[in-house]
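Visitor: Please show me the model. I have some geometry questions for you.

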Amino acid sequence: LIAPAGHAGAQPGSWGDLHLAADVIHLLAAGAWLGGLPALAMLLDAARRNTDALAVTATRTTARFSWLGIICVGLLIASGVVNAWFLLSGPADLVTSTYGRVLALKIGLFAAMLVLAAINRFRLAPRLPDAQATRRLQQNSIAESCLGLGVLVLAAVLGTLEPTAHHHRHTSIPTEAAFVHIHTNIVMADVTINPGRVGSVQATIHLAKEDFSNFSARAVRFELNPPDADVANITRDARDDGDSVWRVDGFELPRPGIWTIRLSVAPQQGAIVLLDAPIVIAP
């Protein structure tokens, strides 16, 4: 369910559907593999300490999990390649950009997991229910889980970074301003609140199409929802400043925190488009 809220969910059209499908597969495969490893380690520990019957169960379970791992690894590699195709502008990004370097580190941890998985599959699993092989297999499963946790942390970091293939319009953002980029498959909006802190502020909204050409609208409704229920929503009609720029002047932000911007954009023709995103307001 997190896939539609990530980079894949923000890409419109049929290519966006392919990217979203790859991201969903990537997350499901990772969940099945990483989610099963702690349980496998616990079963192997119980088998090492208890009855022969449990050892037989652990042997059978390990064999089944091994096939699950092979399927998940194949899906992770295939979906990872698709994701990289959409998110990187080229292989050089893996060393020349922050996003690429974090991704390269994630791939490195994944490769280390594959090495442990191969040892488990081809060297240790055939020796079960031997006690020493069971112990080694349990230790490797714990190590894989730890590496997998590192992969998840890096995946979370990647979700906060702009992919190198995803370029926004170069906008001059004041140093003290709060900024957010929002887009749908119809319209994109660069929203700047200046200054981005409590007090009297001004909002600037720049509308564009997916190809960064200007988006023509007949009206824009601007709304800010506060982080706390005891503070009233701020709602204004934006003023057309020309060149697809809309402004909201002279309103007060009474409290810091994570506010939610909601835009209602009325195109020259067609239905109103709704956009929303969080934005952080400093004290």
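Visitor: Which handedness does the crossing of H4 and H5 have?
Guide: This is a predicted model, where local features need pLDDT of at least 70, side-chain atom pairs count only at pLDDT 80 or more, and totals for chains, interfaces and linings use all residues. Residues are numbered from 1 along each chain as its sequence is written, and side-chain values use heavy atoms, with hydrogens and water left out. A crossing is left-handed if the near helix is turned anticlockwise from the far one by less than a right angle, and right-handed if clockwise. For H4 and H5, the crossing is left-handed.

Visitor: At what angle do the axes of H4 and H5 cross?
Guide: Helices (H or I, at least four residues) and strands (E, at least two) are DSSP runs, numbered from the N terminus. Axes are lines fitted to C-alpha atoms, for helices over the stretch in contact, with angles from 0 to 180 degrees between N-to-C directions. H4 spans residues 98-124 and H5 spans residues 131-158. Their axes come within 9 Å and cross at roughly 165 degrees.

Visitor: How is H4 directed relative to H5?
Guide: Angles under 35 degrees count as roughly parallel, over 145 as roughly antiparallel, 65 to 115 as roughly perpendicular and the rest as oblique. The crossing angle of H4 and H5 is roughly 165 degrees. Therefore H4 is, relative to H5, roughly antiparallel.

Visitor: How many nonpolar residues does the contact of H4 with H5 have?
Guide: Ala, Val, Leu, Ile, Met, Phe, Trp, Tyr, Cys and Pro count as nonpolar; Asp, Glu, Lys and Arg as charged; the others, Gly among them, as polar. By class, the contact of H4 with H5 has 5 polar and 3 charged residues, and its nonpolar count is 21.

Visitor: How many aromatic pairs are there, by the rule used here?
Guide: Rings of Phe, Tyr and Trp (its six-membered ring) pair if their centres lie within 6.5 Å. Planes under 30 degrees apart count as stacked, over 60 as edge-to-face and the rest as tilted. The count of aromatic pairs comes to 2.

Visitor: What class is the pair of Trp33 and Phe110?
Guide: Trp33 sits in helix H1 (residues 13-49) and Phe110 in helix H4, 77 residues apart. Their ring centres are 6.1 Å apart. The planes stand at 85 degrees, so the pair is edge-to-face.

Visitor: Is Trp33 buried or exposed?
Guide: Buried means under 20% relative accessible area, exposed over 50%, partly exposed in between (1.4 Å probe, protein chains only). Trp33 has 4% relative accessibility, so Trp33 counts as buried.

Visitor: What class is the pair of Phe222 and Phe251?
Guide: Phe222 lies in strand S4 (residues 217-225) and Phe251 in strand S7 (residues 245-253), so the pair ties together parts 29 residues apart in sequence. The ring centres are 5.7 Å apart and the planes at 50 degrees, so the pair is tilted.

Visitor: Which residue does a cis peptide bond join to Leu128?
Guide: Omega is about 10 degrees for this bond.

Visitor: Is Asp243 buried or exposed?
Guide: Asp243 has a positive phi of about 60 degrees although it is not a glycine. Asp243 belongs to the loop between strand S6 (239-242) and S7. Its relative accessible area is 56%, so Asp243 is exposed.
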